[in-house]
Amino acid sequence: MTAFLDLGLAAPITRALTDERYETPTPIQAQTIPHVLAGRDVVGIAQTGTGKTAAFALPILNHLTKHQKRAERKTCRVLVLSPTRELSGQIVDSFKTYGRHMRVGVTLAIGGVPIGRQRSALANGADILVATPGRLLDLVNNGALRLDHVEILVLDEADRMLDMGFINDIRKIIRQIPIQRQTLFFSATMPKEIEELASSMLRDPARVAVTPAASTVERIAQRVVHVDKAGKPSLLAETLKNENIDRAIVFTRTKHGADKVVRQLEQKGIPATAIHGNKSQGQRDRALSAFRNGSVRTLIATDIAARGIDVDGISHVINYDLPNVPESYVHRIGRTARAGAEGVAISFCDGEERAFLRDIERLIRMSVPATDRNGQAVAETHSAPREHPRNNRPDNRGNSNGGKNGANRKHRRRPGGQRPADAQGQRGNAPQGSAPHNGEISSVAFMQGRRDNGRKDVRNAR
Ligand code: AMP
């Protein structure tokens, strides 16, 4: 097993890792860091929770310590683009943590807060700038920043950028960055649009993939409760009271739904707080810190707001609404079971959501056991059929043809089960996980305590 010391990182960085008690690189780190140190572009198929932030942050810090120079005024040497304000803040924190024994300037530029301070922070230049795309373009358009000195570009959570409609902004930004640069590109999934974006941005990239999905899923005690829509509020209150919960994230499909759930819980005397895109940055920060410090144990979130939030000790994920994109289920339940912990995921499924449940079960290749509201197993009269209509080999876990069968195909459904042409004209039925093969491929599984290296087929790597 590789140790951090074997990777050849500079002493101030390994010292910070010792401070943090990181002993062994995670698979995405072990695979990515040597390529980045060698100056190569990288495509990493990995999601939050795999250690991907350090996978790019450590070699970038190494580059800055090896090539020390002052950033010029109104420029940055490293640009990290991330889709959400929360994730951007966490990336800044990671750079500061790993760079604590170095002199390195890290600046954050996100929307939802006044731009003035960000302009002045950039006036003297930044070694590392972490930004959301919209605010970055504002700063460039205002003349507060030039991108012609970027040496390393990181695009994090590219598929989320696509979901959030940032792709055109990204293209505008890239046009202003020198072609002679190193580019590190991370995405949890590889739909066609993202693949095209990657090939337009990267030069002969090394390809790395990790498989948190199946391994995470296996460590989580999942169950589904079939309930009418009208019965969900009381079921949630009951679950929060009866379960042995340290911290719970409750997912709703819409922002409006999140606020409604908070009100319903408060009426029943259960404190809860919501985090979603309509909240101001201050409200989001307060909600998150209340959740982190344990003063509020229940956070109600939408998928996008929750993406990238790094809070340890989440014992329960509750899907108040089932997601219509099956991959979101895996992202959601992965909020628990972090850092090797085990977690509980409870899904509430009403009649209209049964098709979503079927899609999820195909994706994770297992049935989610149905229980009553007390957690007792019930006969699965409501549950999804177990056959795999587009895949007659339900036991094909190790099948190298994984990308072609229905189980690996991304799709989103509307309530009621019909498959739309595709709500946003994006993604549609693009085959998933079918990473291109024009670069070097290494696929590893991040099992948090259990490794399963050596599966060579990236298409099975999710
Ligand atoms: P990320 O996927 O970057 O969000 O990281 C997930 C979590 O894993 C964060 O809380 C990191 O602090 C932690 N982490 C990252 N790398 C390591 C490592 N090599 N050893 C232990 N913990 C790590």
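**View 1. The end of helix α16 and the residue after it.** R365 follows α16 and has a positive phi, near 55 degrees. Helices here are DSSP runs of H or I with at least four residues, numbered from the N terminus. Helix α16 covers residues 354-364, and ten of its eleven residues are buried, so the rest of the structure largely encloses it. Buried means that 20 or more other C-beta atoms, placed from the backbone, lie within 10 Å of the residue's own. Among the buried residues are F356, L357, D359 and I364. This is a predicted model: local features need pLDDT of at least 70, side-chain atom pairs count only at pLDDT 80 or more, and totals for chains, interfaces and linings use all residues. Residues are numbered from 1 along each chain as its sequence is written.

**View 2. The shell around the ligand.** Twelve residues surround the ligand, and the closest are Y22, T48, G51, T53 and A54. A residue belongs here if its C-beta atom, placed from the backbone, lies within 6 Å of the molecule. Helix α3 (residues 52-66) gives the largest share of the shell, three residues.

**View 3. Helix α3 against helix α4.** Helix α4 spans residues 85-98; α3 packs on α4 at an angle of about 50 degrees, with the axes 10 Å apart. Axes are lines fitted to C-alpha atoms over the stretch in contact, and angles run from 0 to 180 degrees between N-to-C directions. T53, A54, A57, L58 and L61 in α3 meet I91, S94, F95 and Y98 in α4. Contact means C-beta atoms, placed from the backbone, within 7 Å.

Methods: Helix = DSSP H or I, 4+ residues; strand = E, 2+ residues; numbered from the N terminus. Buried ≥ 20, exposed ≤ 12 C-beta atoms within 10 Å, placed from the backbone. Contact = placed C-beta atoms within 7 Å.
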